[in-house]
Amino acid sequence: MLQIRIQFLGFLFLCALNGVLGSQQISNTDPNILASKIKELTEQSLKYQEMQNHLDTLSYQRQPLVGNSLLNALSSSFSNKFQSRIAVVTHLRDAVIKSYSGTTSSAKQCCILLSSELEHDTRFKQPASTSKVCELVSSTAEYNPVKLQNAFRDACIENLRNVPSLKWQYFGSEQGVTTTFPATKASNCSSYDNRFRPWYVQSNVPKPKQIVIVIDKSGSMDQTDNNGVTFMELARQAAKTVIETLNPYDEFAVVPFSSSASVYSNSRIPNGACFSNTFAQATPQNKKLVKDFVSGISASGGTMYGAALNAAFTFFDNVPNTTLADRAILFMSDGEPNDGISSILSTLNRRNSVLNNSVAVLTYGLGSGVNSIKLTQMAQSTSVEVGSSDKIGTYIAITNPSNLRNQMASYYNFFSILGQATNVPIWTVPYLDSWGLGLMVTANLPVYIGGRLVGVAAADITIEELLAESSYFKPTELSYSFVINEGGLVINHPNFPYVTDREPLFVEATSFERDPEFVSVFQSMKSGGSGQKSFVSTRILPAGDSKMYGVREVKVKSTYYWKQIPGTKFSLCLVLADEDAQTVLAPQGSLASGTFLYHRFDLVPPTKQCYHGRSFCAKDQSSVALAARSFKDPELYLSQNASVSYVRTLTNYMEGTSFNTANTKPGVKDVVVATYKADELWKAAEADGLNRQVFWRYVATEEGLFRIFPGTQMPSNFDPVKRAWYENAQANRDKHVITPPYRDAASAVSVVTLTKALFEGKSDGVHNPVTDKLIGAMGTDIVTSYFQQVLSELYPICNQTLLYKCILIDNAGFVITAEQFVTNPNDAFNKHIASIEPEIAHRLQTSNVLLPGKCSNIENALIYETFQISPNQTRFTSSTGYPSCEYFELMPVTGTNAYLIMAAKQSRSCGSRSPRSCSCSSVGSSTNVVANIFQTPTCSKSYSCSCPCTSYNQVYQPCTNKYLFNSYSPQPCTPEIKDLTQLGTPPVNLNTLEKCYEISFSVPLSAGGGDGDTNSSSNIGPIVGGVVGAIVVLVIVILVIKSMCQNTATAPVVATASAPAVVSPPPTNPNYGYNYPQVTSPVTKLNANQPSYQPEASYSNAPGAPPPYNTAMYT
C-alpha cells in the first residue's frame, strides 16, 4: 500500500514538473525571432525595402483639393451625362411616334430567335444582336396589337453608337407588346406584360401611391373557374400582380377577410409587427415578404365587408393627412356580404370623412354570385381629386374569373391624367437587373399620340457606369463624394456596395452620415439646395473584409460641399478633409520598348509564354492591369469592348511612341514607369531559394495600377485598391501584414499573403506611417505549409505536438497556422481562434485581450460582429479551464499584425465542467435579412464564447425602410468585396508551354543529416539502434505519465494530433510546378476528381487544361 502511495505521489510530481517545465519553455520563447523572419520573407520575396528606397529617390508633390472647383467639375460632368441619357429616351419616344403603325413588323418574337442570329456581347453578358429588335407579346395583349416599324430599331442603334454604356432600350405599349433592343433570346414570349411592371406604372402615375388590397377569403372562394382554378388562387395571383406594379416610393398593405379581417405581421424579424397597422414601403424586400404571406391565404368563413373596411382604413389613419400620395382601396369579393349595405356604407363614409374623403374605393366583383349593386354603391360613394378634376370610384364586374389579375393590376389607370405629355423623363429607384448586369436605373418617357397614351419608352443604365466619376472620386483616403435622389435615398456612397446578386436596401443618406451636423446638409440636398458646411465628421475606413475585420473609425475636420446636379433631381455632395492634398508623382518619362505588357492576353498575348499553376502567363515579365479609376472616363472604360488596337495604343503611349489617346488620367503613366522597378527586382528574386515557395508577387497603387509577376490576365472589373489584401495593408500601414490562409485559384494549394504598404518618396528615407501618404502596397503569396514549416524550425517545441500547441493568429483572431492545418489543410480557411480553441478564446475575450466590435451592414439590415486585438497589447499569460487545463501565452509579433499563441497541453489539474464550443459557421456569410430571413445566421449569445458572426439589426424598421440609429449604434460597414468579371480566354493549350518557374517545398530551414555512407563504421548500427531505443522508451514513459496525470485530474484521455507531415520532396521530383506539391500521408494531393477541387473554365481548345486566370490575390 505504501509503495502504491509513493508511486501516486511520484506521478503527481512528474505532472507538476511537466507543467512547470512547459510554462518555462513558453515563457522563454522570443516572438521577435518570428517577427524578423516575416520581415525577411517579405524582403526576400518582394524586395520591399529596395522598392521603397527606389520611391524615395523620386519626387512627389502635394496638390491641394479645392472644394467648389471640384464640386462644379463633377456636377457638370454628371449633368452632361444625364442630359445625354435624356436625349436617348427622347429620341426613342420620337421614334415610337414615327413608327407606331400597322399590326405587323419585321421584328421576330424574342423566344424564336436562333443562336446563329446572336453573338455574345460582354456589355450585355449574353448573346445579343445589336442590329435587331425583338418582341414580347403578352398572353393578355389586345387582339392584333399595333407593332413598331424600323424607325424605332434605327433609333436604338444610333443611341448605342452615341452612348456605348447604354444597356437595354425598349418600348412597352398599352396593348401589351414590348419591343426590346438589343435582340436577345427569351425562354417565353407571352409571360411578360410591360403594363404590370413598376417602370411602366410609375411613368403613367408619377405620384406615390398608398394602396390597400382587400381580399375576400370566405368559404365560397374555394369554387373553381372553367380551367379548374379556385377563385382563391386567382385572387392570390391578382394581389401579387398588384404588388409587383408598385415602386419603392409607393406604400401598400394587404387585408384578407372573411367573418373577420386579418392582417400580415411578421414576428420572425425585428420590428416585423409593423406590417399589421403600418403601410409598408414597396421595397423589393417588403414586396417579397407580403407576397409570401398572400401565397398562404386560404378560404373559409363568412363575408363581413364592414370588418374589412375598418381594417383597411386603419392603415390610412396612421399616416399624416397631408400626404400627396394617391390613395385607394382595391376591394375584391365573390359573394353576398353578411352585413347590411347601410352599415357598410356608414362605415366607409365615416372612416373616409376623417381623411377628407381622400381614399378612392375600387371594387371588383368576381363570378356570377356576387352582389354587384352593393359593390357599385361602395365604389360610387367615394370621390377623389385626380389632376384638376374629381373622379368617382369604379366597380368592375369580372364575369370571367381568369381576367381578375389583369383587371385589378390596371388599377393605376384610375389615377392617370390623360394627355400629360412631358419631356422630363422619370428616373426609377435603382433595382437589380434580372439579366445579371447589376444595379440599374431606368429613364422613362410616356408616349402620347393624339392625346392618347400608347405606351412608355425606356432606357436602362447601370449605376456603376452612370455615377462612375463619383464612385472613383477618392483623391485621398479621407475625401470622397456621394449622390442622393430627390427622396434622400443614397444612390452612390463609398460605404454603399455595388452588388450583382441581390437587391440591396436603398435608405436615406443619414444612415451613412451619422454626425448630427449633417442633418441640415441632408435637408438642403433633398430640397435641391446648395452650400457648404464645416464640422468634425466621422470617416469609416476599411480594415479588410468587414465581415472579418470590421471597420476603422476616424474623426476628421471636414467641409461638405453640395449642389443639385443641373437638369436633374439628384444631388451631389463632396466631402473633403480640411487641408487635404493629393499626392502626385513627378513625371517619369516613358518605358523602354518592349517593357510594357498589358494584361489583356486574350487580345495581345505575350511573346514569351509559360504556365503558372493553372494560369497562362508571361515568362520572366510582369504585366500591368489598370482599373476604371485609372481613366479620365471610367464609364467609357467599363462599357467599351477593348480591342487589339486599343492595347497597341496603350502600349505605344506607355513606351513613349504616341500621345495619350488611351485617355488615362494624368499620373497613371508615371506610376507605371516607377513600378517597373519591381519587375527588375522580382526577376532577381527568382534566383533565391524562397522562389519555389512563392506563387505571385504584385504591387498596386492608389491610381488603380496593378502589376503582377509572372504576368497574367486579370478580370475586367478588377480594382486592386478595393481588394481585402490592399485594405489590410492600408489599415496596418505601419506593419508587415500576413493574411489567414486561402486556396490559390491558380494551383488549388493553400497560401498566405504577405503585404506591406508603400509610402510617398522622401529624400531622407525616414517614414512616419501616421502622417506619410500611402501611395500603394506590395503583396506576395507563399505556400501555407512552408510558413508552418518556418514556425516549426524557429520554435522546435512546436514540433512536440504531444506537449505543446503553437498557433499564429492575426489581429482579428483569425488563424494563420495551427497544428491541425498540417493534417487537414482543407480545413484551414476562415478559421477563427474561437472555433478551434474555444477555451483559449474565452480567456482572451473575458480578459479584454480579444475585444468585440460591430458594424452595420446597411444594405442587408445586418450587424457584423467581429473582434480585434488592441495594437498596444503586450504579452499575455493565462490558463484555460477544464477539460484542456492548459497554460498558454499570447505574444505580439512585433512589427506585424500577427500574435503567437503557445500552450502547454494538460499541464495542470483543474475542476470539472462541460467543454466549451463555438459555432462560427456564419463567418464570411451575409444574406439579405429581409428577403431571405430564414437563411441568415445569427450570433450566439452564450457566455461560453463568441466568434465573428452576423445578427439582425434591431433598429431597422422594415415598414418605413428607415434606420433609427442612435449615438451608440454601430457605424456602417464598408462594402463587401466585389464579384469579378472574367474576360475572354487566349487560344492557348497550356500543356504545350513551359513552366514559368518551379514551385515546390524547400528543404527544411535547419541543417539536416548528411549523406554519409552507412557502412563507413561498423559501430553506426548499434549507436543508431541504441538512440532510437532510448527515444522510444522515453516517449512511452511520457505518454504513461501524461495519461496518469490526466486520470489523476479526473479528466478523460484526450486524443493527440499526429506529428506534422514531412514537406521536403527531393529537388528532382517530376511533379514540381504544374502538379501539386508532394507530401506524405495523411495529407493527400488535390486532383480533379476530389470534391474539394474547384476547377475554373478551361481553354476552349485545350480539353482538361488549367483555366487561364489567377484569383489568388483577388480576395
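Q: Is cysteine 189 buried or exposed?
A: Cysteine 189 counts as buried, because its relative accessibility is 6%. Buried means under 20% relative accessible area, exposed over 50% and partly exposed in between, with a 1.4 Å probe and protein chains only. This is a predicted model, where local features need pLDDT of at least 70, side-chain atom pairs count only at pLDDT 80 or more, and totals for chains, interfaces and linings use all residues. Residues are numbered from 1 along each chain as its sequence is written, and side-chain values use heavy atoms, with hydrogens and water left out.

Q: Which residue does cysteine 189 pair with in a disulfide?
A: Its partner is cysteine 111, with an S to S distance of 2.3 Å. A disulfide here is a pair of cysteine sulfur atoms within 2.5 Å. Cysteine 111 is partly exposed, at a relative accessible area of 24%.

Q: What is the handedness of the link of cysteine 111 and cysteine 189?
A: The link is left-handed, with -120° about the S-S bond.

Q: How many disulfides does the structure hold?
A: There are six disulfides. One of them joins cysteine 610 to cysteine 996, S to S 2.0 Å; with 85° about the S-S bond, that link is right-handed. The pair links distant parts of the chain, 386 residues apart, and both cysteines are buried.

Q: Which residues of helix 9 meet helix 10?
A: Among them are Tyr305, Leu309 and Phe313, and the helix 10 side includes Ile344, Leu348 and Arg351. Contact means heavy atoms within 4.5 Å.

Q: Last one: where does asparagine 444 lie?
A: Asparagine 444 lies in strand 18, residues 439–449, and is buried at a relative accessible area of 0%. A polar atom of its side chain lies 3.4 Å from the backbone oxygen of tryptophan 199. Beyond its neighbours within four places in sequence, asparagine 444 is in contact with residues including Val89, Ser203 and Pro425.

Definitions and conventions: Helix = DSSP H or I, 4+ residues; strand = E, 2+ residues; numbered from the N terminus. Polar contact = N/O pair within 3.5 Å; in protein donor to acceptor, adjacent residues only side chain to side chain.
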